Structures are given as structure tokens and as C-alpha cells.
Amino acid sequence: MKKLLFILVLGAMVSCQQKAKNTATEGAAKDSTEMALNPAMGSLMTKTFEGVLPTQDGNGLRYTLTVKIQEKSDVGNYEMLKTYIKGYEGKDLTYASKGTVKVIHGTEADKKATVWELTPENKNEISYYQVENDKVIMLSQKMKKTADWEKYVLQQKK
């Protein structure tokens, strides 16, 4: 009788542990910042770019852009922080966004260009960044460099 009771208790404990493990795994899969990696697409590359871009008030807008994408893939994820310097009552005001990255090969002006199309989770304000070595350049909505494009460069953080 004691053996039967022991086996039932042991079975119940194993069952509870398995349910807890499954619940933790399901929660992790729902996190939108995690990417499902495909070994055939190479290793995951994470790159961070930073810079202060001009604003009309002259204080500037500090960007921090982190892109996660596999070597051979044309899709990935991004996270962006935009900090309006002295944006609210003289204090910095930061907004965070995240979403998907789509790699576009070539533009009308440069057939060899690599452009990241950033689409936020809320699908508003799609933006474009041309990748050039250790920097990215913010492009217009028509995927073109502006006349003063040198002011809209984010440098890769090392």
C-alpha cells in the first residue's frame, strides 16, 4: 500500500513539473522581441547605431537603433529609442518602439544599396535606413537621401 501511494505521489509531482515547464516555454515563445532562428540562415547579428539628429527647436533627437537579423536573411527585428533632448519642460523625453526589419536590395538612385525598412508593431510611421559599412543613413519615405543627408547619420556602436 505504501508503495502504491509513493508511486501516485511521484507521478503527480512529475506531471506538475511538466505542466510548469510547458507554461514557461509557451510564455517565452510569445515574447515579440525573440526571433525564431533558422540554422540555414547563419548566425544572428545584432548591431546598434546611435546619433543625434537635428530638430526644429535645435535641441536634437537622440536615436539608438538596435537591429537583430540573421546573416543570410532579409527579415529581422529592431528596437529603437528616440529621445527628444529637453523635449518636455526642459527634460529629455524618450519613446521606445520595436517591430520588424525587412531588407531591400537596391533603390532607384543606387541599385547596389542595402536599405532596412523598419515597420513598428503598430504599423505606423514606416522608416527607411540605408546601410553603409559602420553607419546607417535615414532616408525619406520615397527611399531617397535628403539634400542634407549628412545630418541624418547614425554611427554603429562598437
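Let me begin with a term: a residue is buried under 20% relative accessible area, exposed over 50%, and partly exposed in between, using a 1.4 Å probe and protein chains only. This is a predicted model, in which local features need pLDDT of at least 70 and side-chain atom pairs count only at pLDDT 80 or more, while totals for chains, interfaces and linings use all residues. Residues are numbered from 1 along each chain as its sequence is written, and side-chain values use heavy atoms, with hydrogens and water left out.

Rings of Phe, Tyr and Trp (its six-membered ring) pair if their centres lie within 6.5 Å, and planes under 30 degrees apart count as stacked, over 60 as edge-to-face and the rest as tilted. By this rule there are 2 aromatic pairs. One of them joins F49 and W116 edge-to-face, at 5.7 Å centre to centre and 70° between the planes. This pair links distant parts of the chain, with F49 in strand β1 and W116 in strand β5, 67 residues apart; strands here are DSSP runs (E, at least two residues), numbered from the N terminus. F49 is buried, because its relative accessible area is 1%, and W116 is buried as well, at 7%.

Y84 and Y95 also pair edge-to-face, at 5.8 Å and 85°. Y84 is partly exposed at 33% relative accessibility, and Y95 is partly exposed at 47%.

Finally, T119 lies in strand β5, which spans residues 114-120, and T119 counts as buried because its relative accessibility is 14%.

How values were computed
Helices (H or I, at least four residues) and strands (E, at least two) are DSSP runs, numbered from the N terminus.
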